Amino acid sequence: MGRGISRRTFTRGLAYTVAAVGLGTGVARGQDLGDLGDLGNIDPSRPLLYASPHLEPFVDDLPRLPHLTGTSIELQAGSTTHRFHRDLAPSPALSYGGVDYLGPTIEAHRDDPLTVTYRNDITVHPLAADFDTTLHGVTDRDRTAVPTSMHLHGAVTPPEHDGHPMYLQRPGQGHVHHFPNGHEATGLWYHDHAMGITRLNVYAGLAGMCLLRDDFDTGTPQNAWGLPSGEFEIPLVMQEKLFTADGHQSYRVSPLLPPGRWDPATPGDVGVVNGTVWPKLDVARGMYRLRILNAASFSIWNLFFGNRMRFWIIGADGGMLPAPLPSTQVRLAPGERVDLLVDFGGLEPGTTVELCNDEPPPLGVAQRGVRAMPLFCRFRVAAGPGRPTAVPETLRGGPGQPADLEPVPTPQARRTVTVLQLPDPATGGVLMSLNNLRFGDPDIEMPRQGTVEQWDIVNVSPEPHPIHLHLVNFRVLGRQRIDVDRYVRDHPQPAVGTRWAPPVDDYLTSPLLPPQPWETGRKDTVVADIGSVTRIVAVFPTSDDLGFDPDATFGAPAGESDHAGHEMPAAGPLQGYVWHCHMLDHEDHDMMLGFRTVAN
């Protein structure tokens, strides 16, 4: 596997992380940590962390999220209150669509364009004190006039409707989104994407699932494979959270960090599924289809059932795999989705089994005392029989099934991009960066429309990062370990703001390791592991392919008004899409860049 990251490289990254949580700056010398413990409990064994109050697991039922169907729907982002657990008081929250928390599951059909009339009706933000006005684009005004920008993650969308982080709608403003839905059935999700506060808006509740159907994956018993449907198909929006002593959502992980300071790592200590802490669900003795979304701000999970029973992975970000993949575990990063078949038919009535996680936190984060959050929910097997369902032998290429996945196309162009964690001279903390740049720097990727490109994503930081590209799905070629020390030594990094993305092939220390089996389909988010190069191949479509111009400008110059006389939501004109780390803490500062797909 090669050497990976050296002690010196790791120590440098850890030092930046420690600085970012305020050691030596956020706490006055000699100050008692207990003076800062008003937002939660402090475990004496982990004095650098807040802890949620003790909560009994598996006392609340798993909620079934409401569904919205049709080709024209309305969604409002609003301020709400929501009870996350039987023993917690209602907590201030945000939501879409008038529910208490999160948003309804949208069901749409391939090639039926979807119109979403979106409006920002937020009155109070529950995490306003955590807005950091030193981050790109964030101002004091945002705490009370909260900006939003709704993004349909994984969709192929015209740039004006993609939820660009600078195309903002404040309270009283909105946008009519048009989604062509020109791709095959899969699990998408929608969430806020506002510049510098995405992590806070999503954590507070601005997220929901979207199930795109087609003539094969119909969402009814008459689907191409006889998959579970109706009550036996369950969307699971999974998160980690912290709660204050009085039961409110909290984004503050450490008492060393003052309110209003950005934190590079905000793992939770409580599992939340569909808005409920450690819920339980009675299941029949049969097959279920679980549509799982990692909607966390930071944590990657290795998911498995507590009894280590086998399940089948049938799909991921971009749709169905070629065939069901039997497995006892699946790794899921923020932004990724996975489609599972789980058979409870072999378990005796009354048996309980938990959905668990054992992915350790990155070493730098573990130094703060963070541990893996081990549980999400419990399934209890009821006495009644479920709907009998056989595991299909294939998912593609058979009679009445979608076509086989096309071979990975041969790249016509190749580019290297880098993932870094850097010292931030402005704050004395850390800056998350792509290519040694900040968001807004003009040196962006500009792939040509109609070109097949290979992106070599080089991660020289001390933790993994899930990288998401808007507009396109891609295929994962694999990963190779690299000699980070020699790579950095041979190519000294310039000051932030100058592109740094040296070719990497001379620094490989392992052969190409193939993608994980569940990564063999189409993807829109991929984990760039520590000390490695992750190689992906994407086709950048043309205007003719899409039916819209992916390089069109949108927005308006600052100060102009819309047709109703309201100030336009963002300065412009804007152009293009973004790619970024989907650890939302990192995306907000500043692991996100624009890109344009230019015409030949």
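Is His175 buried or exposed? The close-ups below, drawn from a predicted model, start with this residue.

**View 1. His175 in its strand.** His175 is buried, because its relative accessible area is 8%, under the 20% cut-off. The residue sits in strand β9, which spans residues 174-179.

**View 2. Polar contacts and surroundings of the His175 side chain.** The side chain of His175 makes a polar contact with the side chain of His161 at 2.9 Å. The His175 side chain also reaches the backbone oxygen of Glu160, at 3.3 Å. Neighbours within four places in sequence set aside, His175 is in contact with Val116, Thr117, Tyr118, Glu160, His161, Tyr167 and Gln169.

**View 3. The largest pocket.** Its volume is about 810 Å³. The lining counts 41 residues, and Arg331, Glu359, Pro464, Asp529 and Ile530 are the closest to the centre. By class, the lining of this pocket holds 24 nonpolar, 8 polar and 9 charged residues. Strand β29 (residues 474-481) supplies the largest share of the lining, 3 residues.

**View 4. The second largest pocket.** This pocket holds about 700 Å³ of space. Of its 27 lining residues, Val156, His183, Asn473, Arg522 and Val539 are the closest to the centre. Two or more lining residues come from each of β10 (186-192), β29, β31 (532-540) and α5 (543-546). Strand β31 gives the most, with 3 residues.

Conventions:
Residues numbered from 1 in each chain as written. Predicted model: local features only at pLDDT ≥ 70, side-chain atom pairs only at ≥ 80, totals over all residues. Heavy atoms only, no water. 1 Å grid on protein atoms, 1.4 Å probe; cavity = no way out; pocket = protein on both sides within 12 Å on 5 of 7 lines; lining within 4 Å. Points joined across faces, edges and corners; volume = space filled by probe spheres on them. Helix = DSSP H or I, 4+ residues; strand = E, 2+ residues; numbered from the N terminus. Nonpolar A, V, L, I, M, F, W, Y, C, P; charged D, E, K, R; others polar. Buried < 20%, exposed > 50% of the residue type's maximum accessible area, 1.4 Å probe, protein only. Polar contact = N/O pair within 3.5 Å; in protein donor to acceptor, adjacent residues only side chain to side chain. Contact = heavy atoms within 4.5 Å.
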